[in-house]
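Here are my notes on the model you sent, as numbered points.

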Amino acid sequence: MTTLQSLLDDPTFAGTWTLVPARSSVRFKNKTFWGLVPVNGEFTDVSGSGQITANGGVVGQVEIRAGSLSTGIGKRDEHLRSADFFDTEAHPEIRVEVTGAQPTGTDSVDLNATLTVRGTTAPLPLTATISRLGDGNVQVSTRTTVDRTKLGVSGNMVGMIPATTTLLADLVFAKA
């Protein structure tokens, strides 16, 4: 098995990588009704790219169309798109920017990242697993928890929704 550090050191991996939307997913999990009912959703419109420099540095970004969120319940999705939550008319894009990476294991990395939602940018601590796929593409998988209220997503009917949300991403990148 090839280690992550050997991939970053391999000059053939240097260059621009483009997100493959059809093979990628960005999801969220939250609880409602005072923690009794899980709500799972997905953002179906994502794009992005990254670069691996000749010296193994990593930078990149993922753009998520906030209005593409889907929980499977139309009325709830409309409410989540409203000014109570994501305010997708005024803030159509959610953005994750990565400015560096430090390998922490054979296939894991700590990413220096920020998350921008509703015009508010905050640090986003991410530990990711990196997998080289059989077709030469690379998959980045991560899971983190954020306090959505610090990002301006503060809608909450009668205290039914906790402040924390779990974000999950499985992103596949192809060499451009």
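1. In this predicted model, Leu115 is in contact with Ile94, Arg95, Val96, Thr120, Thr121, Ala122, Leu124, Val146, Leu151 and Leu167, once its neighbours within four places in sequence are left aside.

2. Leu115 belongs to the largest nonpolar core, a set of 39 residues. Together with Phe43, Phe86 and Ile94, Leu115 is among the residues with the most contacts inside that core. Strand E8, residues 108-117, gives the most to this core, with five residues.

3. Lys175 is found in strand E12, which covers residues 164-175. Its relative accessibility is 38%, so Lys175 counts as partly exposed, since buried would require under 20% and exposed over 50%.

4. The side chain of Lys175 reaches two backbone oxygens: that of Thr12 at 2.7 Å and that of Ala14 at 2.9 Å. Lys175 and Thr12 are 163 residues apart along the chain, and their C-alpha atoms are separated by 9.7 Å.

5. Beyond its neighbours within four places in sequence, Lys175 is in contact with Thr12, Phe13, Ala14, Gly15, Thr16, Trp17 and Asn137.

6. Asn137 has its place in the loop between strand E10 (126-132) and strand E11 (138-147). Is Asn137 buried or exposed? Asn137 counts as buried because its relative accessibility is 11%, and the cut-off for buried is under 20%.

7. Not counting residues up to four places away in sequence, Asn137 touches Val172, Phe173, Ala174 and Lys175, as well as Trp17, Arg23, Ser131 and Arg132.

Definitions and conventions:
Residues are numbered from 1 along each chain as its sequence is written. This is a predicted model: local features need pLDDT of at least 70, side-chain atom pairs count only at pLDDT 80 or more; totals for chains, interfaces and linings use all residues. Side-chain values use heavy atoms; hydrogens and water are left out. A nonpolar core is a set of buried Ala, Val, Leu, Ile, Met, Phe, Trp, Tyr and Cys residues joined through side-chain atoms within 4.5 Å. Buried means under 20% relative accessible area, exposed over 50%, partly exposed in between (1.4 Å probe, protein chains only). Helices (H or I, at least four residues) and strands (E, at least two) are DSSP runs, numbered from the N terminus. Contact means heavy atoms within 4.5 Å. A polar contact is a pair of N or O atoms within 3.5 Å; within protein, one must be able to donate a hydrogen and the other to accept it, and residues adjacent in sequence count only if both atoms are side-chain atoms.
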